[in-house]
Amino acid sequence: MTSLRSILKAFVLLIGLASPAVAGPYEDALPKFAADSYADTEAAIGAVAGSGNEQSLNLVEALRDGRLMIAAGQVYIRDPAGKFVDAATGQAIEPPAGAKPVRVNNRVRRAIEAALGSMTLLSPDAAIRLDAARAVFRSRDAAALPALEKAIAQESDTGLRNALESARAAIVLSTPDASSSQKLAAIENLHVRGDQDALALLSSLPPGTSADVSDAAAKAAEGIRSRLALWSAVQNVWYGISLGSVLLLAAIGLSITFGTMGVINMAHGEMVMIGAYTTFLVQELIRTHAPGLFGASLFIALPLAFLVAGLIGILIERTVIRFLYGRPLETLLATWGISLILQQGVRTIFGPTNREVGTPAWMSGALELGGLSLTYNRIAIVVFAFAVFTTLLLVLRYTSLGLYVRAVTQNRRMAGSMGIRTNRIDALAFGLGSGVAGIAGVALSQIDNVSPNLGQGYIIDSFMVVVFGGVGNLWGTLVGAMTLGVANKLLEPYAGAVLGKIVLLVAIILFIQRRPRGLFALKGRAVEA
């Protein structure tokens, strides 16, 4: 009896070994990849994505990255290290001869994106689920709908749930056999989403869409356009404030020197450039000797840029400008020559090419508020510009240096007769204005190319701000910078960047004809004489 049972077990085992393995959807789809046809590959991707096989995600990612290989009718996956595994079994094998990657086109790429989205919708990683929802929204693949419904049912994060529901709405709106009520609900969802992607989807309904759905989509699209136009205007105002803060930083030092001494300093932009190159040197030293301090590099560069630019400014005033007071044309020509010398000096030392100034991690990224995108580096520059403005205002208001500067600005002869050393105040004021330009260079190094020509892009705008706001008046400089910045950005969408600047220049010329002293004219006997 025992021997009979043993014989039966052996017979069953032999039958099992002789029988072919039971193939599933995953295994059935592999020969379609080997056919190397775009249509077959697209069909195979859908079958693999819905098979539930543990190798599915690895295979589709390999196809996306160009690592899905075929040779002699067999399909293989090449890992990033160059090793080959059998796509059917996952077993490592020797590299087959004549292996070549499966070809893809744009249609296949869209299928890959949809498949990856549907397979990662249930990932434990929230970032992966969000990327998957966005991929499904773009692809609008109806095959992902079951996985999408399951993901929505178990999603607890509100933002992710909204992204998943938007993806479902995109699929429903693109599905011909969806009911009108389903499509109307999808339109409402997309209207709430309210971005450019939703607008594009609502504006491209498939042929044969019913009249009620088309009307609802048109109404929702119009609402989105109005909302986007409003957000665009708000975004342009923010860009204008950002540009105004840059102009404020570049012009505020010029306002001090121009207002105190009446010097047309064409080398003011080079003080900005020197501050930017000081930042570059500080970061290079930190990268070499103390990489852990890179996040604080800008805070280290700020006082150094102020000192370097300020000392150079004092040197220029003591050696050149003090001999040219009262002769504005000669001052203009002399400072223009100094600007050329400084540019060539920097070009000789650092070279003519742009230098890389890194952005610390705390200034990277953006803050999204509705349809408004606020980059952290621009936010930091706006805050920094107002901090510099406030500091200078306090210095000029509550310190003895500020009192002397204001006295010399309003009536130089009277200040001198009261015992104020006007020559010394001139040098200190010029150094203060140059130092402020240097710290402006620290900020501008985060949003502009650091090159010998950096300052040339801001000198004309700085003079426009100072003249428009009122020579020597910090409040006028603030109002002038913000007004010109916002006006420039609001004009750009309609007139273009160049024509917009021309319009502003003409407007300032006409304004100066009516108010020669600017928005906020200084008061004083010498000023009013």
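This is a predicted model: local features need pLDDT of at least 70, side-chain atom pairs count only at pLDDT 80 or more; totals for chains, interfaces and linings use all residues.
Residues are numbered from 1 along each chain as its sequence is written, and side-chain values use heavy atoms, with hydrogens and water left out. Helices (H or I, at least four residues) and strands (E, at least two) are DSSP runs, numbered from the N terminus.

**The five-stranded sheet**

- Five strands make an open sheet in the order β4-β3-β2-β1-β5, with antiparallel pairing; two strands pair if DSSP finds at least two bridges between them.
- β4 (92–93) and β5 (100–101) are the edge strands, and each has a single partner strand, so one side of each lacks a neighbour in the sheet.
- Strand β1 (residues 68–71) runs antiparallel to strand β2 (residues 74–78), and 4 bridges join them; here L68 has I77 of β2 as its bridge partner.
- The hairpin of β1 and β2 has 2 residues between the strands, and A72 takes a positive phi near 55° there.
- β2 also pairs with strand β3 (residues 84–86), antiparallel and over 3 bridges.
- Across that pairing, Y76 stands opposite D86, and R78 has F84 as its bridge partner.
- The hairpin of β2 and β3 has 5 residues between the strands, with G82 at a positive phi near 100°.

**The β6–β7 hairpin**

- Strand β6 (residues 366–369) pairs with β7 in the antiparallel sense over 4 bridges, and L367 stands opposite L374 of β7.
- The two strands form a hairpin with 2 residues between them, and G370 in the turn has a positive phi of about 60°.
- Strand β7 (residues 372–375) has L372 and L374 on its covered face, whereas S373 and T375 are on the uncovered one.

- Two packed helices are described by the angle between their axes and the distance between the axes.
- Axes are lines fitted to C-alpha atoms, for helices over the stretch in contact, and angles run from 0 to 180 degrees between N-to-C directions.
- Helix α6 (residues 126–139) packs on helix α8 (residues 158–174) at an angle of about 20°, with the axes 8 Å apart.
- That makes the pair roughly parallel (angles under 35 degrees count as roughly parallel, over 145 as roughly antiparallel, 65 to 115 as roughly perpendicular and the rest as oblique).
- The contact (heavy atoms within 4.5 Å) involves residues including L130, A133 and F137 of α6 and L160, L164 and I171 of α8.
- By class, this contact has 11 nonpolar, 1 polar and 1 charged residues; Ala, Val, Leu, Ile, Met, Phe, Trp, Tyr, Cys and Pro count as nonpolar, Asp, Glu, Lys and Arg as charged, and the others, Gly among them, as polar.
- Helix α5 (residues 106–120) packs on α6 at about 140°, with their axes 8 Å apart, and that makes α5 oblique to α6.
- Among the residues in this contact are R110, E113 and G117 of α5 and R129, A132 and R138 of α6.
- The residues of the α5 contact with α6 divide into 5 nonpolar, 4 polar and 4 charged.

**A look at I314**

- I314 sits in helix α13 (residues 297–319).
- Its relative accessibility is 27%, so I314 counts as partly exposed (buried means under 20% relative accessible area, exposed over 50%, partly exposed in between, with a 1.4 Å probe and protein chains only).
- Leaving aside residues up to four places away in sequence, I314 touches A427 and G431.
- I314 and R109 are 205 residues apart along the chain, and their C-alpha atoms are separated by 63 Å.
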